[in-house]
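Please read these notes with the model open.

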Amino acid sequence: MSGPAEIPTTRTASYEADPEHVHRVLLLYSGGLDTSVMLKWIQDAYHAEVVCLTVNLGQPGEDYEVIRGKAMALGALDCHVVDAREDFAGEYVARAIRANALYGGGYPLFTALGRPLIAKLAVDYARSSGCDTIAHGCTGKGNDQVRIEATVATLAPELKVIAPVRSWRMGREEEIAYAREHGIPIKTLPTQPGMEAAPYSIDDNLWGRSSEGRWIEDLAHAPEDDVFQLVTRPEQAPDEPETVELGFERGLPVSLNGARLGLVELIEATAEIAARHGVGIVDHIEDRIVGLKVRDIYEAPAAALILPAHQELEHLVCTIHQNQFKAQLDRQWAYLVYAGLWWEPLRADLDAYMDHVNTHVSGTIGLKLYKGHARVVTRASPNAVYDASLASFAESGGLFSQDASPGFIELWSLQSRMAWRLHNS
Ligand code: ARG
């Protein structure tokens, strides 16, 4: 490839930028190949200035000074690095915990929770650094474009969006050629220097890590070992089980094995223990917002302990009616957040309910971890709607009279008995 690919000129939506209005761009920059190529390409193709923003949501192993240095070397006007871990844990992950948030029965939404925060920060920094446009590196096939652009369009209607990866139609080979031509450093495989690492598509933060692409797209292909970068493979986990205790107050974890920790530290420490025991691997087929069905390999060790522990405690302190109802709201909450509608008022309405229910969710849950599994083994709460003497088989009296049971059964089954007789005679 020689000259920059052409800028598409047909605008398809009101919040997308017309090329002639793009003068200074806030680029969500990760330091990877796509966004590095974008950083150069936007300067070339739009003759625009680029300000970079890199957000730390607790993704392990990043060197933010190196990322910043790379952005500056590629001509960025500035590169802001923001540590948003506390905000992410306190305002996003905390709500997900109270809502027992799992999409499709297995995905704890870590990416979906991070995007509205990243996009909100992009809006803040775009405004404070005089940008007219926000650029991101999402493709046209994923959920992340929806989450980011819906956020920008909602919070900052005056800002426009460009998504070069979606519009430039450069394949990976062309991107690499463009990178070579423009002196953009490319990660190489340690085993084959000179060969660029053909990577999984990774996204990660404090709450989990996802891998897509390569053999993962072949549904018949069982996971290869090298995809697991966070969680020990269960067959290599310790031969001895380990029990951990999570303490909750008002629906949020506040202690691990008796030690009080802030949410960020608690998530990190919980993740480490779970990962050691091979807990938190999910091989997930997912219905994306844009219609596709895609496979993801998730590693979410902290969520694999905290979510079931929270749910167990909530079940213990709530009535059967609350438990049945909340499961429906939990599912709706997870779907809204998955589907990029964080700023939709229904999400805040649901959160008000979640918060109210969770005022009673305090206590301690013990989990036993062993070779890829975590199982709740102990529960304690001052708010448990539980009375050991009522629950035991032998006793009668107090709030429960066994003499009342036959009458209850007669009335409880009344309509079913009537219908049975009608349909079967
Ligand atoms: N399937 C997950 C989601 O839609 C994870 C996406 C990961 N994002 C990425 N750009 N690799 O939330």
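1. A polar side-chain atom of Tyr 107 sits 2.5 Å from a ligand oxygen atom. The protein buries 88% of the 350 Å² that the ligand exposes when taken alone (Shrake-Rupley areas, 1.4 Å probe; for residues, only the protein chains shown count as cover).

2. This is a predicted model, with pLDDT of at least 70 required for local features and 80 or more for side-chain atom pairs, while totals for chains, interfaces and linings use all residues. Residues are numbered from 1 along each chain as its sequence is written, and side-chain values use heavy atoms, without hydrogens or water.

3. Around the ligand there are 14 residues (a heavy atom within 4 Å). Tyr 107, Asn 143, Asp 144, Arg 147 and Glu 286 come nearest.

4. Glu 314 belongs to helix α9, residues 301-317 (a DSSP run of H or I, at least four residues; strands are E, at least two; numbering is from the N terminus). Glu 314 counts as buried because its relative accessibility is 3% (buried is under 20%, exposed over 50%, partly exposed in between; 1.4 Å probe, protein chains only).

5. What does the side chain of Glu 314 make a polar contact with? The partner is the side chain of Lys 326, at 2.9 Å (N or O atoms within 3.5 Å; within protein, one able to donate a hydrogen and the other to accept it, and sequence-adjacent residues count only if both atoms are side-chain atoms).

6. Leu 292 lies in the loop between β11 (281-287) and β12 (293-299). Leu 292 counts as partly exposed, because its relative accessibility is 34%.
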